[in-house]
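The following note sets out numbered points for a colleague who is reading this structure for the first time. Please keep the sequence and the model at hand while going through them.

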Amino acid sequence: MEQPAGGRRPRLVSSLALGQRAWEVTLEWERGLLSWRDPQPPRGNCFVPASEIIAVEETEIEKQCSSGKWQKMAKPHAFTVYYVKRAQKHRWQCNEVTFWCVDEQLCNQWIQALKELLELQKSRPKQLLVYINPYGGKQQGKRIYEQKVAPLFSLASISTDVVITEHANHAKDNLFEVNIYKYDGIVCVGGDGMFSEVMHGLIGRIQKDSGIDQNNPKAPLVQCNIRIGIIPAGSTDCVCYATVGVTDPVTSALHIIVGDSQPLDVSSIHHNNTFLKYSVSLLGYGFYGDILKDSEKKRWMGTIRYDFSGFKTFLSHHYYEGTVSFLPAKHTLGSPRDKKRCRTGCYICRQSKQQPEEQQKNYGLEHNGDDWKVIKGKFLAINAVNMSCACPRSPKGLSPAAHLADGSIDLILVRKCSRFNFLRYLVRHTNQDDQFDFTFVEVYRIKKFQFTSKHLEDSDSGVKDVGKKRFGQFCRDHPACCCNLSNSIWNCDGETLDSSAIEVRVHCQLMKLFARGIEENSNDEAIYNQSTVEQLL
Ligand SMILES: CCCCCCCCCCCCC/C=C/[C@@H](O)[C@H](CO)NC(=O)CCCCCCCCCCCCCCC
Ligand SMILES: Nc1ncnc2c1ncn2[C@@H]1O[C@H](COP(=O)(O)OP(=O)(O)OP(=O)(O)O)[C@@H](O)[C@H]1O
Ligand SMILES: [Ca+2]
């Protein structure tokens, strides 16, 4: 073993057996790096940063004794290191490597040193509260958690309190009752709806404990530092996909274990000084609202209900009249037409970090009315997204250049157009072409917006045409056309809103997830070339 230089922690260097050969294994405290090198040709060289070590354990060797039973033996001496391995398409796996030592003392020294290094990883959770929706997606939540996630949490010495939900809002209500402060994070196993429920519970609880009235649309909300982890087991899993790059329970569990942290913008939605909901992904009126309305009746169909209702809604081709007023985001660095996307360590999101404090300072100061832009029109879809909304159906999402934590919303207005053009627009969500490059599509990066349907404007302005209010199902002037005098509904992260007239405002980085955003070409550009391990073993 090397001696300490200048009082620093010594590097630990040993010759340990790996497979059939002796490798030079090094633990560098300063760089937090475990590496192993084959001194003989073809000289494999592998590195694992401490931040990606999941656990270290003494290796138990199973040996058959004379009675024929298998017995656990701790000799000869070996230890196993479990670590993150990057696979294809942002997927992470738990890999392991076992090192054999000449004696027990050396083995213990290595285990001790690695455990101490793991203790230094301060952002890792030790205690988690887990909510499982057994009915989300393909109804596999419980199985996914028990078979794929719980064994990893136990390997990483994370203790858990698990609640299997018995009804909708169980998790949300529970978060107002339990001592949330004893947990390092909350995990939800389910889809976007389940995540939304947990987010509402957590943000709501923090505001309640801080004396903030959620019904006040101007209230400066208190940031929530307890992270939420999402184990995807839903139908769309858009929040997971857009923050991790893949919907894979093992990948998400590993991001939780290594203690990743991804701040997230949250929009608050109000109507007449009444709080309705928060939104992190899609707030959509028209097309996505109608899909949701129809698909809720078809929950029994499972995950394909969205495709079925999507097709039906596409054919119905309804448009809705209304007024959208919005406050453009003036000081944000990016634009929705940027080619560059929000990725791990995103510069634009990092620059926006000071926004929460700025917002607090400006509390009560209203923006000049002139800054607001007003658009009246006939819309097939009004989509307000806080993030790209990438999901397996559309890997680049509704707004590919939207940022997870820049304190802005991308507002997409799709005006009335032909079915054929709308189809061209939809198809562009699935290929490389620009979905905003149409005359009937507009996109704005904004801070706040309001929407009122024409239907409501007319009734508010005292139009007393009872027939107009009552029939509302088809257009009396043009029975064959697609305009719909009744309202659509708002799809808020997969849940419906009770009002069609809404006021929306974004809260920069209000909450945090156990994620790190999508890694840039994660496998191809892996700094630590772990794949060599497999080639050489
Ligand atoms: C021709 C193919 C075109 C495909 C176009 C695909 C665009 C897909 C964009 C998906 C955006 C998802 C945004 C995330 C929303 C979540 O907060 C929410 C809760 O989970 N999910 C949904 O509301 C669930 C939304 C589900 C949306 C499904 C849309 C399916 C559209 C099908 C249109 C078929 C036209 C075919 C004509 C021949
Ligand atoms: N035990 C339960 N019984 C019925 N509903 C539940 C239960 N637990 C949670 N829920 C509700 O189920 C709704 C949908 O769940 P979830 O989001 O997990 O699946 P999904 O809708 O299939 O997926 P996605 O939201 O990704 O499209 C959530 O809004 C949640 O409130
Ligand atoms: Ca954003």
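1. Helix 8 (305–316) supplies five residues to the shell around ligand 1, the largest share. Helices (H or I, at least four residues) and strands (E, at least two) are DSSP runs numbered from the N terminus. Helix 7 (287–296) and helix 11 (419–427) also give two or more residues to this shell. The model is predicted: local features need pLDDT of at least 70, side-chain atom pairs count only at pLDDT 80 or more, and totals for chains, interfaces and linings use all residues. Residues are numbered from 1 along each chain as its sequence is written, while chains are lettered from A and ligands numbered from 1 in the order in which they are written.

2. There are 27 residues around ligand 1, and Asp-192, Thr-236, Tyr-306, Gly-310 and Gly-494 come nearest. A residue is counted as near if its C-beta atom, placed from the backbone, lies within 6 Å of the molecule. By class, the shell holds 14 nonpolar, nine polar and four charged residues. Here Ala, Val, Leu, Ile, Met, Phe, Trp, Tyr, Cys and Pro count as nonpolar, Asp, Glu, Lys and Arg as charged, and the others, Gly among them, as polar.

3. Ligand 1 lies between domain 2 (123–261 + 514–524) and domain 3 (267–345 + 369–506), because both give residues to its shell. The domain bounds come from an automatic or database domain assignment.

4. Ligand 2 is surrounded by 22 residues, the closest being Gly-136, Gly-190, Gly-191, Gly-193 and Gly-234. Its shell divides into four nonpolar, 13 polar and five charged residues. Helix 4 (residues 192–209) gives the most to this shell, with four residues.

5. Strand 14 (residues 262–271) is largely enclosed by the rest of the structure, because nine of its 10 residues are buried. A residue is buried if 20 or more other C-beta atoms lie within 10 Å of its own, exposed if 12 or fewer, and partly exposed in between, with C-beta atoms placed from the backbone.

6. Strand 14 pairs in the antiparallel sense with strand 23 (residues 502–513) over eight bridges and with strand 15 (residues 274–279) over five bridges. Two strands pair if DSSP finds at least two bridges between them. His-270 stands opposite Glu-503 in strand 23, and its bridge partner in strand 15 is Phe-275. Strands 14 and 15 form a hairpin with two residues between them, and Asn-272 in the turn has a positive phi of about 50 degrees.

7. The largest nonpolar core has 132 residues, and Cys-188, Val-189, Val-198 and Leu-411 have the most contacts inside it. Such a core is a set of buried Ala, Val, Leu, Ile, Met, Phe, Trp, Tyr and Cys residues joined through C-beta atoms within 7 Å. Not counting residues up to four places away in sequence, Val-198 touches Tyr-131, Ala-171, Leu-175, Ile-186, Cys-188 and Ile-228; contact requires C-beta atoms, placed from the backbone, within 7 Å.

8. Cys-389 is placed in the loop between strand 18 (373–385) and strand 19 (409–415). Cys-389 is buried, because 30 other C-beta atoms lie within 10 Å. Cys-389 and Cys-240 are 149 residues apart in sequence, and their C-alpha atoms are 9.6 Å apart in space.

Terms used:
Contact = placed C-beta atoms within 7 Å.
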